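Look at the sequence and the structure below before reading on.

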Amino acid sequence: MGREADLELRYLELEKKIKRENLRRMWFRFKQSKLSILGLSMVLILFFVAAFAEYVAPYPSHAGLYINFRDAYKPPSLDHLLGTDMYGRDVFSRVIFGFRYAFMMIGLVLSLVVPTGVVLGLIAGYYRGTFIETLIVRLSDIFIALPPLVLALSIASILEPNIFNAMMAVSLMWWPWYVKLTYSMTTSIRNEPFILAAEAQGASTSHIIFKELLPIELGTILTKVTLDAGWVILIGAAISFVGLGAQPPTPDLGTMVSEYSKYLPEYWWMSLGPAMGIILIILSFNLLGDGIRDIFAGE
Amino acid sequence: MRLRKLLQKVVDNFYFKRTTYSIVTLFGLSILIFAIARVLPGDPARLALGPRAPEDVVERYRALLRLNEPIYIQYYYWLVDVFHGKLGVSLVTFRDVATDILEFLPATIELIIFTLIIDVAGAFILGVLSGRKPNSLIDNFVRIFAYAGIAIPAFVWAIILQLVLANWLDLLPAYGRLSLGIEVKRITGLITVDSLLAGNINAFIDGIRHLIIPSLSLAIGCIAQEARILRANLIENINKDYILNLYSHGIPQSIIFFKYALKPSMIPTVTVMTLDMASMLGNAFLVELIFNWPGLSRYGITAMLRKDLNAIVGVVLVIGIAYTLASILIELLVSVLDPRVKHKR
Amino acid sequence: MLLELTNLHVHYKSYWYVFKVLNGVWLRVRRGERVGVIGESGSGKTTLLKSILKILPLNGMIIRGEIKYDGKDILNLGESKLAEIRRREVGMIFQDPMAALNPVFKVKDQLYDILKYKMISEGRNPSKQELYDEALKMLTDVKLPDPERVLNSYPFQLSGGMRQRVMIAMALTSAEKLLLADEPTTNLDVTIQDQILKLIHNLVIQKNLSAILVSHALGMVYQMTDRAYVLYAGDIMEEASTKELFEKPKHPYTQILISSAPRLSSKGISEGIKGKLPDYRNPPAGCRFAPRCPYSMSKCNTIKPEPIELNKEHITCCHLYG
């Protein structure tokens, strides 16, 4: 008995070591690309800035409703790095708060969409050939039959125009894409020997889905999640831009571009700030996503 | 017996299957759109008429929409109306929605077709140039361009291009489909076609000039993505055994590249065009707004901002059908390029 | 001497690493001679063949060495002269016909182009009809039933055996002097392997070709070749006439290889040797087989063994004989 327990212990230790080794290898692969490192640091910096916006922004009070016509329409200067807007608010400060809204949108949408889509996709793939598969796949195909932005815009237009409802609309249109992704991965590994063996040994459905199938697919899902973080911002900005999302004076990046672009071309700096903010976020997540894809590409 | 075999063959046919599936999906889509219009808003009648409408008017409108009937009956009547081309009356302008859509649709079709032309040409040229010489100057340019294309949203491109090309450099017009004073008699609704039919070259050129900036803003993101995919596939395929085999027979490089490597590399690029088509149709809503383009999408946005339910439903329905048709076409194209698709299963 | 490779070094560059695959390989083929190359999968056999025709993937680079074919220096030959050789003199059968036939073109598209440029280099300008006749003849030569249907098929519509026959037909259009065969039966059913083998054997004899047969199927090499090389991890371990190599193997690797294989059947090398091929990114400094060798000495790990001529026809690279 003692010998067996000893072996078991050694085995666990070995497994831990392999896991550590794997992590080390993944990090090694990730840092091979300077662009991935750039993406990671940019995402971290943006997140930090968003989290501590009150302390980072030079004029935190300018985020929302604030009027000081004396300072209005000022071009970029040392006092106001990105100039001021028509109410005399510091554009730079507003962009910083815009990042906070951006991360909130990413968090809200992805935390709703990813679990729903992934679980449904796993279930559809696991129950291949049954009506459950047909139901889930057809349902997602229906949502995918409309261009995502069109669907999101039309749902948002029915609801009250605010940032929360806009994100609900985005979530409602987004989950099928995760179903599609996990479904296709699951069907391709569904009948692999190790899954069938686990089934034969009487492993429960939830064990197979979450302990056998999910870990294999995690890398691809994580890559998509990172790349999608940028897309959330893109779609969110688009909805806000047409006026169906966040409403002024919310310091949302898309809303700001929409508000300020009316003052183009004379007061170009107003639009420049939030537009650059949007681009920066999308770019960072895309670079990071490419790096994460590299990590799993070799597995 | 032979009839049954023939029937079986038709049912097994790739194109037949694909089309049936699309029709089923379109029916599902109609349910979804119906749900958006009738279920999401809570009380559609109240939403349509506004909070200040008297209760008895709302009640009458409710009866008109058959809102007091069970939901599937409502859907049935709604669908029958849709099949008869009846999309109802705008709740804001009281004009017939179907007529309005026909009025505005051609402008969007023209915009999308022109965008597709720019997109395909741009993606093909950039993809081939960078795929032929990886890590060359042009390849690095395409790489940077690709990141810009992905990170800069179409509506930001629209603003930038409008500002630079129209306002600062004054090269191209900033708004609309035609300059003031130029008129074309409406035949198809496509200005480029109508002006040619009328033999009006000036109007044709003016129409094209108005198309360039909006199309470019819609196309840039797609060009970037497709060019990168084409490049990656070219580089991957050029090292495959089926290419090396041809090299081993001394077949000229240009034939190997442009015939034998390009065709398989184009398959993933064309496949991804379904997604790009979706982003074009979506972004058209913003781009038409920015350029004051009198198309279906701007009509749709106006309707959305006014919560004009009937018009929203009409627009979404038309776009859904158009997008489904486009995806079928793209799949046809893929099946032409890749014979394996048709023979699967 | 028809073909002579000396001190060939080939590296593959990936994004992050350099894979040092061929490590000073030599090889000689006399006119009319059939030469075998045996070794495990992944020991660089395919790389060796592709180097001869200079058709390595873009990341493969010939770092050092010389390839002399028919008195010509392949590595410094002009593109058009090289094309002549590729079109008319040397042909190669690829390992996996599914991978070596373009999946989105019909057989005839690929075969016509191959024939067309061969004929052009012979000074002819073939018409469609001529190409068709010639292609039909090529496919009949490799005993393909219903060659017309095969011409109009895509590769995925053919069976594995048929694809390999198409592959052989293609290779033979170009191989008027030298045929390179890279594991021609590995990806086939056992029943078909023998047929294909006999086909190649007959064609080589009938056309009096020189040939290099690369394989890990020892029986095949024994039956078909006059001389054989043993390749391990990018190094030649031993060279001898086939008979001598199989009967009196000297190098430990060859000994294990031959004793572990089911005697002279056409099956592959069984897993008789413990361990794995070395990591090409960081290969052993001395003998590349040393980490797996039962007779390994300390100098095996540091000094690369030089070729030792045991007799006129038998060379081995091993410190045991030095």
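How many salt bridges does the structure hold over all chains? In this predicted model, the count over all chains is 41. Side chains of opposite charge can pair when their charged atoms come close. One of the salt bridges joins Glu54(A) and Arg100(A), whose closest N and O atoms are 2.7 Å apart. Glu54(A) belongs to helix H3 (residues 53-56) of chain A and Arg100(A) to helix H4 of chain A, so this pair ties together parts that lie 46 residues apart in sequence.

Chain A itself has 11 helices and zero strands. Its C-alpha atoms fill a box of roughly 80 × 45 × 30 Å along the principal axes.

Two packed helices are described by the angle between their axes and the distance between the axes. For helix H2 (residues 34-51) of chain A and helix H4 (residues 91-126) of chain A, the angle is about 105° and the axes are 8 Å apart. H2(A) and H4(A) are therefore roughly perpendicular to each other. On the side of H2(A), the contact is made by Val43(A), Leu46(A), Phe47(A), Val49(A), Ala50(A) and Ala51(A). H4(A) contributes Ile96(A), Phe99(A), Arg100(A) and Phe103(A). By class, this contact of H2(A) with H4(A) has nine nonpolar residues, one charged residue and no polar ones.

The next topic is empty space. Rolling a probe the size of a water molecule over the atoms shows where empty space is left. The second largest pocket holds about 1,100 Å³ of space. Its lining has 41 residues, and the closest to its centre are Ile319(B), Ile321(B), Ala322(B), Leu325(B) and Ala326(B). Among the elements that give two or more residues to this lining are helix H2 (14-38), helix H6 (97-132) and helix H14 (309-337) of chain B. The lining divides into 34 nonpolar, six polar and one charged residues.

There are also six cavities of 30 Å³ or more. The largest cavity has about 80 Å³ of space. Of its 13 lining residues, Cys287(C), Cys293(C), Cys300(C), Cys318(C) and His319(C) lie nearest its centre. This lining has 10 nonpolar, three polar and no charged residues.

The second largest cavity has a volume of about 50 Å³. Its lining includes Arg34(C), Met224(C) and Thr225(C). The largest share of that lining, three residues, comes from S8(C). By class, the lining has eight nonpolar, one polar and one charged residues.

Definitions and conventions: Residues are numbered from 1 along each chain as its sequence is written. Chains are lettered from A and ligands numbered from 1 in the order in which they are written. This is a predicted model: local features need pLDDT of at least 70, side-chain atom pairs count only at pLDDT 80 or more; totals for chains, interfaces and linings use all residues. Side-chain values use heavy atoms; hydrogens and water are left out. Axes are lines fitted to C-alpha atoms, for helices over the stretch in contact, and angles run from 0 to 180 degrees between N-to-C directions. Helices (H or I, at least four residues) and strands (E, at least two) are DSSP runs, numbered from the N terminus. Angles under 35 degrees count as roughly parallel, over 145 as roughly antiparallel, 65 to 115 as roughly perpendicular and the rest as oblique. Contact means heavy atoms within 4.5 Å. Ala, Val, Leu, Ile, Met, Phe, Trp, Tyr, Cys and Pro count as nonpolar, Asp, Glu, Lys and Arg as charged, and the others, Gly among them, as polar. On a 1 Å grid over the protein atoms alone, a cavity is a set of points where a 1.4 Å probe fits but cannot get out, and a pocket is an open set with protein on both sides within 12 Å along at least five of seven lines; lining residues have an atom within 4 Å of a point. Grid points are joined across faces, edges and corners, and a volume is the space filled by probe spheres set on the points. A salt bridge is a side-chain nitrogen of Lys or Arg within 4 Å of a carboxyl oxygen of Asp or Glu.
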